[in-house]
Every structure is written in C-alpha cells, then in structure tokens.
Amino acid sequence: MNLGILFLLVNATGSITLSELDWIADHQSEFSRLDMALVFKIGLLIDEGIIELDCKLPA
C-alpha cells in the first residue's frame, strides 16, 4: 500500500477502513516528514467529521 494513494482514496470516498488505519499505525516508523503530514491531515479530517470510519460489521 502507498500512503499517497491511500490519502487520495480516503479523500475521494470520505471514509477510511480500520485495516487502513492499522496499516498506517504499523508503518508509521517508515514514513518521511511529508508522509507524516498526510497522516496528520487524515487525522484532522476524521476529527472534523469529513472522513468517517468505515467499520462495517459482517452479516
């Protein structure tokens, strides 16, 4: 997975899955300063309610 592509996907759909958040958490030590700025932006958008957590439960 690529953080830049994930950021664009999250902005386009308005939601982020828990598995995508797990991937961010697992790889944050590998991120550059620019990547961390994208992560902070995703966090701010979640806090503002623009991006929602997509946590669908299986049927």
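**View 1. The left-handed crossing of H1 and H2.** In this predicted model, helix H1 passes helix H2 in a left-handed crossing. The two helices, H1 spanning residues 3–13 and H2 spanning residues 18–27, pack at an angle of about 150 degrees, with their axes 12 Å apart. Because angles over 145 degrees count as roughly antiparallel, H1 is described as roughly antiparallel to H2.

**View 2. Residues in the contact of H1 with H2.** On the side of H1 the contact is made by Leu3, Leu6, Leu9 and Val10, and on the side of H2 by Glu20, Trp23 and Ile24. Sorted by class, the contact of H1 with H2 has six nonpolar residues and one charged residue, with no polar residues.

View 3. Methionine 1 belongs to the segment before H1 and is exposed, with a relative accessible area of 63%. Methionine 1 and tryptophan 23 are 22 residues apart along the chain, and their C-alpha atoms are separated by 8.3 Å.

**View 4. The packing of H1 and H3.** Helix H3, which covers residues 33–47, packs with H1 at an angle of about 20 degrees, and the axes of the two helices are 10 Å apart. As angles under 35 degrees count as roughly parallel, H1 and H3 are roughly parallel to each other, and their crossing is left-handed. From H1 the contact draws on Leu3, Gly4, Phe7 and Asn11, while H3 contributes Asp35, Leu38, Val39, Lys41, Ile42 and Leu45. The residues of this contact of H1 with H3 divide into six nonpolar, two polar and two charged.

**View 5. The whole chain, as a setting for the close-up views.** The protein has three helices and two strands, and from the N terminus on its elements run α-β-α-α-β. The radius of gyration is 11 Å, close to the 10 Å that the globule rule gives for 59 residues, so the protein is as compact as a globular protein of that length. Taken along the principal axes, the C-alpha atoms fill a box of roughly 40 × 20 × 15 Å, and 24% of the 59 residues count as buried. Among contacts between residues at least 6 apart in sequence, 58% join residues at least 24 apart.

How values were computed:
Residues are numbered from 1 along each chain as its sequence is written. This is a predicted model: local features need pLDDT of at least 70, side-chain atom pairs count only at pLDDT 80 or more; totals for chains, interfaces and linings use all residues. Side-chain values use heavy atoms; hydrogens and water are left out. Axes are lines fitted to C-alpha atoms, for helices over the stretch in contact, and angles run from 0 to 180 degrees between N-to-C directions. Helices (H or I, at least four residues) and strands (E, at least two) are DSSP runs, numbered from the N terminus. Angles under 35 degrees count as roughly parallel, over 145 as roughly antiparallel, 65 to 115 as roughly perpendicular and the rest as oblique. A crossing is left-handed if the near helix is turned anticlockwise from the far one by less than a right angle, and right-handed if clockwise. Contact means heavy atoms within 4.5 Å. Ala, Val, Leu, Ile, Met, Phe, Trp, Tyr, Cys and Pro count as nonpolar, Asp, Glu, Lys and Arg as charged, and the others, Gly among them, as polar. The radius of gyration is taken over C-alpha atoms; the globule rule is 2.2 Å times the number of residues to the power 0.38. Buried means under 20% relative accessible area, exposed over 50%, partly exposed in between (1.4 Å probe, protein chains only).
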